[in-house]
Amino acid sequence: MTAAIDTLAVRDLTKIFRIKTGGFRQSDLKAVDGVDISISPGRTLAVVGESGSGKTTLARLILRLLEPTRGTVLLEDVDITGMEGAALEEKRARMQIVFQDPYDSLSPWQTVGRTVAEPLLLHQNLSKQQAAEPVAAMLERVGLSPEHARRYPHELSGGQAQRVGIARAMITNPALVVLDEPTSSLDMSVQSQILLLLQSLQEERNISYLFISHDLTVVRYIAHDLAVMYLGKVVEAGPAARIFASPRHPYTEALLKAAPRPDPAHKTEHVYLVGEQPSALDRAPGCPLYGRCPIAEDVCADTPQELADIGAGRRVACWKRT
Amino acid sequence: MSALLELRGLEVEIQGLPILRGVDIEVMPGEILGVVGETGAGKSMTARAVLDLLPAGSAVSFRSCSFGGQDFIPVKARQEARGHRIGFVPQRPRGSLNPVFRVGHQLSDALRRLRGLGRRAAKKEALDLLRSVRITDPERVYRSFPYELSGGMCQRVCIAVALAGEPELIIADEPTTGLDVTIQAEILRLFGDLISEHNTAGMLITHDLGVVADVCDRVAVMYAGRVVNTGTTAEIYREALHPYANRLVSIAASLDSGGAPREIPGRVPNPGDDLASCAFAPRCFRAESDCFEQEPPLVDAEGQLAFCHHPLTSEAVSR
């Protein structure tokens with residue numbers, strides 16, 4: 001068997017929302033615009049970007065929680081974009097998600113045990129009795145005790161609730177887990193516990209992670225690969241360590257410079273982007289960063305630059321930096 | 001130099017639960033003090049006690065509290081200072097502006113009330129304030145409703161409101177939480193610049209050690225309703241005396257360098273939990289039996305103060 005079947009391969013994925021902009025007028029909002037990404041087994045791809053960059057929409061498209069306008073999603077080499085019924089249900093067991101807010105994503109009326117068992121009852125047709133044993137084992141694996149199965153979410157701390165969310169995602173033994181800002185609502189001391197847990201689960205089970213975050217500190221630690229999104233487009237992608245060491249796209253550069261670092265000797269540099277992120281409605285055809293970019297030229301205004309290979313596994317969408 | 005704000009032994013109970021258990025904090029003139037800690041440590045409650053903005057049903061007591069030489073224990077003194085001598089920048093900028101009034105109206109209203117200006121003078125001053133928080137088109141923002149502005153813009157407006165009373169101290173409670181990093185960087189820079197331009201002092205409440213390293217001169221680290229460690233930012237980040245502060249900084253530093261973070265086991269106690277003599281002892285890697293039995297002493301070393309039986313002084317350091 002060939003070693004390298006990507007867990008996830010996304011091609012030209014696009015989602016356009018029709019938005020009413022008053023009266024009978026409608027505008028197109030390209031939330032996700034021609035995204036190509038892939039993740040191989042056991043690796044973590046972090047998708048970073050600011051609010052409105054389309055990273056959560058991208059995750060929802062991949063999980064088939066939203067229907068794409070265009071493009072394909074291959075999960076373990078199988079196109080799931082048009083899939084329906086039992087075939088899709090089967091694939092759903094192979095892709096799971098851990099949400100940002102652990103309390104909001106757990107049903108307050110269900111015990112922890114029931115919540116974690118749910119995917120087994122749904123996808124593997126186990127009875128509640130049959131599910132009890134794997135649930136107890138899973139709870140122990142994520143650092144809870146089997147006794148937690150009888151508790152309700154409100155009895156848990158934030159860190160414990162997030163461990164339940166992770167147990168629920170892992171119990172069907174998925175190939176891909178989407179982690180949507182899994183630590184951003186947690187305290188620092190708990191954040192590191194959760195990161196270490198996610199990492200050891202990945203090593204043990206060879207899971208692929210799609211890690212969505214705006215927190216570059218966390219990404220620096222957990223990501224193997226990085227895709228930087230701005231206004232629905234991936235503007236830079238490649239191995240995380242290389243991008244952190246030498247960002248090529250002006251937006252990536254600004255993002256890295258703006259992130260405060262826990263070192264008093266390092267002062268955050270003045271952000272050199274102009275103004276704020278514009279509306280994603282009815283965008284000009286050129287580079288999404290045009291208008292804020294300090295190195296833009298006339299060509300950037302109306303000619304879009306697609307992601308271009310610059311070697312060493314890196315891709316950048318910028319006329320000036322390719 | 002005497003402290004601008006000095007409070008000792010601040011205790012707050014809400015519905016019978018101890019939230020603050022003897023907080024000591026001082027802010028020196030001209031400095032920015034960072035108050036850091038995790039959820040429930042009491043950072044916001046400390047600020048709210050100073051401003052008399054605690055929720056109804058809270059019991060507050062100080063051993064001592066003074067602001068600019070004035071006794072600050074009487075409730076009235078604190079209420080009168082709010083907005084005038086102490087400006088407040090809230091966590092959720094949009095939520096703390098009134099959604100049904102234009103921004104300019106709210107800002108000039110504050111100016112008329114705080115500084116007794118007339119209608120026209122207030123409008124002129126409001127536009128100047130909007131300019132001073134680096135809003136490039138103050139006329140438009142003046143006429144806008146909060147929902148028409150971005151989060152970063154709303155926070156600039158809130159900072160302008162905090163400046164309206166020409167305060168001696170500005171307290172900012174997680175002013176950049178929820179903002180994008182590029183906007184956060186601008187707001188923090190603005191905050192730092194305004195503190196020095198207006199010759200005031202600042203108290204910045206945050207859980208983000210990157211933010212503290214960027215703008216704060218000194219740090220107070222809180223845990224379970226107490227300040228456990230204070231010192232200059234450089235000292236705290238070099239080697240904090242208190243094991244909790246020390247570990248927190250080392251987690252942030254190792255994540256930042258892409259290395260594996262050390263763990264702090266367990267979790268932050270909730271108000272009302274039974275606490276050991278040192279509240280951090282059950283999670284502490286240096287804890288011994290005395291930590292559970294005796295109140296930790298105040299240690300003064302390396303330019304820091306910490307409440308700890310077994311502080312990490314330089315001779316005992318093992319990294």
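**Entry 1. Salt bridges**

I began with the charged side chains and found 33 salt bridges over all chains of the structure. The model is a predicted one. I then looked up one pair in chain B: Lys124(B) and Asp128(B) form a salt bridge through their side chains, at 3.6 Å from N to O. I noted that both residues belong to helix α5 of chain B and are 4 residues apart, about one turn of the helix.

**Entry 2. Helix α5 against helix α7, chain B**

Having reached α5(B), I turned to its packing. The helix covers residues 119–132 of chain B, and its axis comes within 9 Å of that of helix α7, residues 151–163 of chain B; the two cross at roughly 125°. At that angle I therefore record α5(B) as oblique to α7(B). The crossing in which α5(B) passes α7(B) is right-handed. I listed the residues that meet: Leu129(B), Leu130(B) and Ser132(B) come from α5(B), while Val157(B), Ala160(B) and Leu163(B) come from α7(B).

I next traced the strands of chain B. An open sheet of 8 strands has the order β7-β8-β9-β3-β10-β11-β13-β12, with mixed pairing. At its edges I found β7 (86–89) and β12 (298–301) of chain B, each of which pairs on one side only. From one strand to the next, the twist averages 20°.

Within this sheet I examined one pair. Strand β3 (residues 32–36) and strand β9 (residues 201–206) of chain B run parallel and share 5 bridges. I located one of the partners by residue: Gly34(B) has Leu204(B) in β9(B) as its bridge partner.

I then returned to α7(B), which packs on the sheet and touches β7 and β8 (169–173) of chain B; the direction of α7(B) makes about 170° with that of β7(B). A further helix of chain B, α8 (residues 181–197), lies across β3, β8 and β9, and runs at about 155° to β9(B).

**Entry 3. The sheet of chain A**

Which order do the 4 strands of the open sheet in chain A follow? I read it as β2-β1-β4-β5, with antiparallel pairing. Strands β2 (26–39) and β5 (78–79) of chain A stand at the edges with a single partner strand each, so one side of each has no neighbour in the sheet.

I checked the pairings of β1(A) in turn. Strand β1 (residues 8–20) and strand β4 (residues 70–75) of chain A are antiparallel and pair over 5 bridges. In this pairing I found Thr14(A) opposite Arg70(A) of β4(A). On the sheet packs helix α1 (residues 55–62) of chain A, which touches β1, β2 and β4 of that chain; the direction of α1 makes about 115° with that of β1(A).

For the other pairing, I recorded 10 bridges between β1(A) and β2(A), which run antiparallel. Here Ile19(A) has Ser27(A) in β2(A) as its bridge partner. The hairpin of these two strands has 5 residues between them, and Gly22(A) in the hairpin takes a positive phi near 105°.

Finally, I looked up a contact across the chains. Helix α6 (residues 188–205) of chain A packs with helix α11 (residues 243–256) of chain B at an angle of about 45°, and their axes are 10 Å apart. That angle makes α6(A) oblique to α11(B). In this case α6(A) passes α11(B) in a left-handed crossing. From α6(A) the contact takes Met188(A), Ser189(A), Gln191(A), Ser192(A) and Leu195(A), and from α11(B) Leu248(B), Ile251(B) and Leu255(B).

Technical notes:
Residues numbered from 1 in each chain as written. Chains lettered and ligands numbered in written order. Predicted model: local features only at pLDDT ≥ 70, side-chain atom pairs only at ≥ 80, totals over all residues. Heavy atoms only, no water. Pairing = 2+ DSSP bridges. Contact = heavy atoms within 4.5 Å. Axes fitted to C-alpha atoms, helices over the stretch in contact; angles between N-to-C directions. Parallel < 35°, antiparallel > 145°, perpendicular 65-115°, else oblique. Left-handed = near helix turned anticlockwise from the far one by under 90°. Salt bridge = Lys/Arg side-chain N within 4 Å of Asp/Glu carboxyl O.
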